[in-house]
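Hi,

Here is the structure I promised to pass on. Have a look at it first, then read my notes below.

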Amino acid sequence: MSETMQSAEPRVGVYVCHCGINIAAKVDIAAVVEFAKTLPYVIVVRDYKFMCSDPGQELLQQDIKELGLNRIVVASCSPLMHEATFRHATEAAGLNQFYFQMANIREHVSWVTADKALATRKSQALVSAAVRRVVLNEPLEHQKVPVKPNVLVVGGGIAGIHAALTLANAGKQVTLVEREPTIGGHMAKFDKTFPTLDCAACILTPKMSMVRSHPNITMLTYAEVVGVEGYVGNFTVKVKKKARYVHEELCVGCNECVEACVYKEGRFTDTFNEGLSKRKPVYMPFPQATPSVVLIDPESCIELKTGKCKKQCATACTRNAIDFTMTDEIVALEVGAIIIATGFQTFDATRIPQYGYGKFPNVYTSLEVERLVNASGPTGGEVQLRDGSTPKRVGIIHCVGSRDEKTNRHCSRVCCMYSLKLAHLIHERTDAEVYNLYIDMRTPGKGYEEFYDKLLKEGVNFIRGRAAEVTDWTVTPEEEGKLVIRAEDTLIGVVRRIPVDMVVLSVGLEAHADADEVRRLFNISCSKEGWFLERHPKLAPVSTFTDGIFIAGACQGPKDIPDTVAQAGAAVAEALALVDRGFVELEPNTAFITKELCSGCHTCIAMCPFSAIRYNKEAGVAEINPALCKGCGTCVAACPSGAAQQHLFTDEQIFQEIEGVLNYV
Amino acid sequence: MTKPKVGFYWCASCGGCEEAVVDLHEAILDVVAAVDIVFWPCAMDFKRTDVEAMADGELAVCFINGAVRTSEQFEMVELLRRKAGVVIAFGACAQSGGIPGLANFTSKAAILANVYEDTRTTVNPHKTYPQATVQVPEGTLTLPVLDETVRALGQAIPVDYYLPGCPPPAKLIADAVGAILAGTLPAPGSVLAPNVGVCHECTRKETKPEKMLVTQFKRPHQVLIDPAQCLLAQGLVCLGPDTRSGCGAACPAGNMPCTGCLGALDQVRDFGAKALSGLASVLDAGEDAAIDAGLAGVPDPAGTFYRYSLPASELFAKLPE
Ligand SMILES: Cc1cc2nc3c(=O)[nH]c(=O)nc-3n(C[C@H](O)[C@H](O)[C@H](O)COP(=O)(O)OP(=O)(O)OC[C@H]3O[C@@H](n4cnc5c(N)ncnc54)[C@H](O)[C@@H]3O)c2cc1C
Ligand code: SF4
Ligand code: SF4
């Protein structure tokens, strides 16, 4: 279609979609069609069962060609769903795609309006708004901007590790940022993994050292992202590397310094062992830590706290790696895509006081028990109580901080399975009588139900019912000196008292406490529980509402390792699709300043969150760099002269839309 | 050749606009030489009957200043509209309601009660109010009736052009008259002033910091004003960015912030809303307390932002009948 025809008198076609019965059941389609025919510039109005289908799209394309339409309105679902579909259909028929306007009569009307008459009126109002607005739409072109080829992965758990390695193997330069001094995440703490009971370290540590040695991966541990600027394909990220007081490139992880430390024994909580052991101020998080580099904790190091230590560690280091003058460092990165894989935190068991965690020494969390059964854990893999004795009876309470109105309503998805795993390992190592108290046994997954069957045959006891409390108040001689779990056995309908030596609380998975800050930093969304929100729960599960930022692993919701790894692979595919394409098409709904109307008042300049506006001293006016403009509209609202406007959202278009809604009858 | 006939009239206004015509100084002689002033009750003795006697369209141009508040004003402007080929709304009150328009923040009843009962100097035991008609032995006396609200001229009759300002700057008047005589008036509906903000012609503009941010707004009596620096950058509520130029930034040149008398630019629908969002953008404050503190320098926001434009604003888009 020629330009002259496009800029001629508006000729609007309106298409009302039934969306099967999604819209048609609530909206009187015929009434909307009749109404649309009365609107100015409207040449043709049609309705169709599914406008998004090929025949639906052909309908409007044919009309563009045969009736010379130059404006298209489709009243259907949310623009999020099908704006792109209809824009492309419009473009394919030879009309600039921005001559298309969508009216959302599904999400905004039929799905949320109970009364049919009101729903019909509301649809008419929205169609009227769209018609008035589309008349003012202008032809626009997408701008192409190159994409930076490098990728940032945030979080070095199994999700982040898998993502970084896959990207690096595809030839991309990857930076992996991990908050802790070592990568590995939760998986590094486990001894065995369900359902196959393969050794966690055997499958994880090779991947960890591959990350360390891969020429395409830069690993920044003990580091956090502190700033993100830019937009899809062009992010500038600031990472703060916390001071380790040990030069990473000099340290070989020989641990001589740890030996030499003035503290002869560990004195401080070993967080990697979940507090089940003590460490020194200078320490290696765990033997296979990656990078294999020690660090000094400034909270407990005498030299760093008082400056008055003999510094035996520094003397012992033959490579002069220790440096007490080290400070935090900011590293700037330029990347095209970001994968967030920050994982989860476990539920704080003290929030359910009736289970006695923190009160009775022999009540443990599952993560602590993961360390106890771990060959490189604090007990060398022996299941021992705090007094060194071996438990003879063990109770494992499922769903602690999951499926519970008072704490978290969600199912944490992995606790049933890891509780079975722990039951097996404890039973195997101690021959103890093990009781699993569960609400429902949830074992959906490849080989999972079979694993449960295996446990049933191993002689582990299963009691169906939520445990009410753990108490040291004993009533029978048999209970003497033991902890008693009180629970209703819902299968036989009695309240049972189970005396045990050890209680394991299967704590649920929660979003990190700082999820909201991280979300803000990356400008993505969270569900109300704090899980990072995917763009679409089914069709865009690893994308976010911010283009170029993807999510993988347990930060998106509770999941096991197989699902985590699969998701990490999916996020990599999305990131590669973006980066390998080499460019992004920027939405042309950018702001612009008409220089004749600009007084040079400077109001807009400080407003722009993307620093896209500069003052041109010679011309005495403000100017917008369209490549940096994200189309947020902040300057447009601020400009006191109305000189700053936004393509596709000019004041006049918005006013027409409002008036269309208000004056439609 | 007969000279074009011109009329001047005033409605609800202070008289400043009439002064502005006289402010043309010697230039007024050129005007008088070029046109025939056939109606100007403020300056010379004309009667309504003189106008009524004219043929429709006989007046080439009529300049009307002031807002429309009374039945008499409405009758007069309707009459003048019939007699004049071109009607020019002269000054802020005619253009958008002006200072008298601030009365729309209250009601006719409240205004009358205040004047005839509540003020301390009023003694009115019988609650006597002015009446539209009253019988006296000599016959029936009549008074104009106060309308329910104040209207801008364009809300009462169709207006062809607007000469903005409180009062319109002499240069704009001279330019308008020049355009009338030369037959170079722009498209009907135009405002006869440049469509760019006051900052554009303000000598202080080049002193603006790149990022125009203010933590505290101040009133002129609270600060020693720097005579060269941008007033807004000093925290003074200068509405230069919001206001149409044509005044040569006279107020900032006189060390006073712009109060917005030339009104909004063509592309702005509501001066007050725009000015408010513009000023709020400049305020650099995050917490509620800091915002409140920063805004302490704007004690009367309605009067500040709608000082000249309340009746014509979106707030009063729908006038009561
Ligand atoms: C007790 C227990 C036993 C389990 N056993 C099994 C099992 O046997 N089999 C199985 O399949 N699954 C098991 N799971 C589930 C398994 O832990 C998760 O599926 C897996 O850890 C998810 O990996 P991830 O990388 O998404 O998260 P994580 O393992 O939590 O890793 C996230 C990483 O990101 C880092 N990080 C967090 N925030 C930031 C930040 N802001 N900046 C930089 N880095 C950050 C963290 O330090 C961490 O290293 C178990 C879970 C629990 C609690
Ligand atoms: S706010 Fe508007 S008038 Fe002021 S500098 Fe920016 S574009 Fe120009
Ligand atoms: S003093 Fe007022 S008019 Fe002059 S530049 Fe500053 S804001 Fe604009």
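**What I found**

The shell around ligand 2 has seven nonpolar, five polar and no charged residues (Ala, Val, Leu, Ile, Met, Phe, Trp, Tyr, Cys and Pro count as nonpolar, Asp, Glu, Lys and Arg as charged, and the others, Gly among them, as polar). Among the residues surrounding ligand 2 are A:Cys598, A:Cys601, A:Cys604 and A:Cys639, along with A:His602 (near means that a heavy atom of the residue lies within 4 Å).

Before you go on: this is a predicted model, where local features need pLDDT of at least 70 and side-chain atom pairs pLDDT 80 or more, while totals for chains, interfaces and linings use all residues. Residues are numbered from 1 along each chain as written, chains are lettered from A and ligands numbered from 1 in written order, and side-chain values use heavy atoms, without hydrogens and water.

Over to ligand 3: there are 13 residues around it, and B:Cys199, B:Cys202, B:Cys230, B:Leu231 and B:Cys238 come nearest. That shell splits into nine nonpolar, one polar and three charged.

Chain B also has an open sheet of five strands, paired parallel in the order 2-1-3-5-9 (strands are DSSP E runs of at least two residues, numbered from the N terminus; two of them pair if DSSP finds at least two bridges). Strand 2 (36–39) and strand 9 (161–163) of chain B are at the edges with a single partner strand each, so one side of each has no neighbour in the sheet. Further in, five bridges join strand 1 (residues 5–10) to strand 3 (residues 59–65) of chain B, and B:Trp10 sits opposite B:Asn65 in strand 3.

Cheers

Terms used
Helix = DSSP H or I, 4+ residues; strand = E, 2+ residues; numbered from the N terminus.
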